[in-house]
Amino acid sequence: MASDPNGTMPLLNSGFPDAGIKLPVLFVGHGSPTNAIEDNEFSRAWSDAGKTLPKPRAILCISAHWETAGTCVTAMEKPKTIHDFSGFPQPLHDMQYPAPGSPALAQLARTSIRKAEVRLDHDWGLDHGTWSVLCRMFPDADIPVVQLSLDRARKPAFHYQLGRELRGFRNKGVLILGSGNIVHNLGRLVWRDTAHDWALEFDEVMKGLILSGDHDSIIHYQRLGESARLSVPTNEHFLPLLYVLALQEAEDEIKFFSDRVTLGSISMRSLWIG
């Protein structure tokens, strides 16, 4: 058995040989946690996507809701369901998503990534950026799930380049899922189904850049003017998109399975690559 170049632990990647197919990569605009318990156009779109996907061997999720000093990956056998919110209906606080973890996938991520030293984490679990989407896509919670954190100190280009190092996972039956929002400004939220003009503008600009493959402009979104400043006041919800775009290959098609801005300043745009 091969040794881990970052330590003494043996590589536990025997469960992830090439699968013979290349899985798609998904970015999901997850919006409100209540999408986990509400029947609406977004939760139905996630459910439909899950029914269309080949069943993965495991899922690697990059969620907006796990920021760390450095890069971490969850490595426990049984990740807990984290209710990282307050003030929502009790049924949401009672939700559990008891998917198993995968120490083998965590170790594979650790040894595959050269851009950063990846620490194995045994404390975090699955936050709502992950489970609120997966409970719709894969309600049986029978697929192992691992989360990869966002290093809060790094610039967008770093996150894109780190995502590039995960390309081989697509051939191993691992579904890579980015969960965030292209437009996410809680300070300008409106509690009704509406959209600010600047939010619509930035969402549409991003759609065009994604379809044209102009990843450099997306990485340097701050150059896109006032609509970008308002749409991405902090970038933790934007960064998961960069991991997903980094995994795009030349032959991959892109389709959007949700594409609306709601609550004034939340883009629910979700995309499927491959």
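This is a predicted model: local features need pLDDT of at least 70, side-chain atom pairs count only at pLDDT 80 or more; totals for chains, interfaces and linings use all residues.
Two packed helices are described by the angle between their axes and the distance between the axes. Helix H1, residues 41-52, packs against helix H4, residues 128-137, at an angle of about 60°, and their axes lie 7 Å apart. That angle makes H1 oblique to H4. The crossing of these helices, H1 and H4, is right-handed. On the H1 side, the contact is made by Ser-43, Trp-46, Ser-47, Ala-49 and Gly-50. H4 contributes Ser-132, Val-133, Arg-136 and Met-137. Sorted by class, the residues of the contact of H1 with H4 comprise 4 nonpolar, 4 polar and 1 charged.

A further helix pair is formed by H5 and H9. Helix H5 covers residues 156-164, and helix H9 covers residues 239-246. The axes of H5 and H9 come within 7 Å and cross at roughly 40°, and the two helices are therefore oblique to each other. The crossing of H5 and H9 is right-handed. From H5, the residues making the contact are Pro-156, His-159, Tyr-160, Leu-162, Gly-163 and Arg-164. Their counterparts in H9 are Leu-239, Leu-242, Tyr-243, Leu-245 and Ala-246. By class, this contact of H5 with H9 has 8 nonpolar residues, 2 polar and 1 charged.

Turning to charged pairs, the structure holds 10 salt bridges. In one of them, the side chains of Asp-18 and Lys-172 meet at 3.9 Å, N to O. Asp-18 lies in the segment before strand E1 (25-29), while Lys-172 lies in the loop between helix H5 and strand E6 (174-180), so this pair ties together parts that are 154 residues apart in sequence. The partners can also be described by their accessibility. Asp-18 counts as exposed, at 59% relative accessibility, and Lys-172 counts as partly exposed, at 21%.

The segment before E1 also supplies Lys-22, whose side chain meets that of Glu-251 in a salt bridge of 3.5 Å, N to O. Glu-251 sits in the loop between helix H9 and strand E7 (254-258), and the pair links distant parts of the chain, 229 residues apart. Lys-22 has a relative accessible area of 35% and is partly exposed, whereas Glu-251 counts as exposed at 56% relative accessibility.

The side chains of Arg-260 and Glu-41 meet at 2.4 Å, N to O. Arg-260 lies in the loop between E7 and E8 and Glu-41 in helix H1, so the pair ties together parts that are 219 residues apart in sequence. Arg-260 is partly exposed, with a relative accessible area of 26%. Glu-41 likewise counts as partly exposed, at 38% relative accessibility. Salt bridges that share partners join Glu-41, Asp-193 and Arg-260 into one network.

The backbone deserves a look as well. Ala-141 has a positive phi of about 50°, although it is not a glycine. This alanine, Ala-141, is found in the loop between H4 and strand E5 (145-151). Leu-263 is another residue other than glycine with a positive phi, here near 55°. The place of Leu-263 is in the loop between strand E8 (261-262) and strand E9 (266-267). With a relative accessible area of 17%, Leu-263 is buried.

Ser-149 provides a separate reference point for Asp-203: the C-alpha atoms of the two residues are separated by 25 Å, and the residues are 54 apart along the chain.

Methods:
Residues are numbered from 1 along each chain as its sequence is written. Side-chain values use heavy atoms; hydrogens and water are left out. Axes are lines fitted to C-alpha atoms, for helices over the stretch in contact, and angles run from 0 to 180 degrees between N-to-C directions. Helices (H or I, at least four residues) and strands (E, at least two) are DSSP runs, numbered from the N terminus. Angles under 35 degrees count as roughly parallel, over 145 as roughly antiparallel, 65 to 115 as roughly perpendicular and the rest as oblique. A crossing is left-handed if the near helix is turned anticlockwise from the far one by less than a right angle, and right-handed if clockwise. Contact means heavy atoms within 4.5 Å. Ala, Val, Leu, Ile, Met, Phe, Trp, Tyr, Cys and Pro count as nonpolar, Asp, Glu, Lys and Arg as charged, and the others, Gly among them, as polar. Buried means under 20% relative accessible area, exposed over 50%, partly exposed in between (1.4 Å probe, protein chains only). A salt bridge is a side-chain nitrogen of Lys or Arg within 4 Å of a carboxyl oxygen of Asp or Glu.
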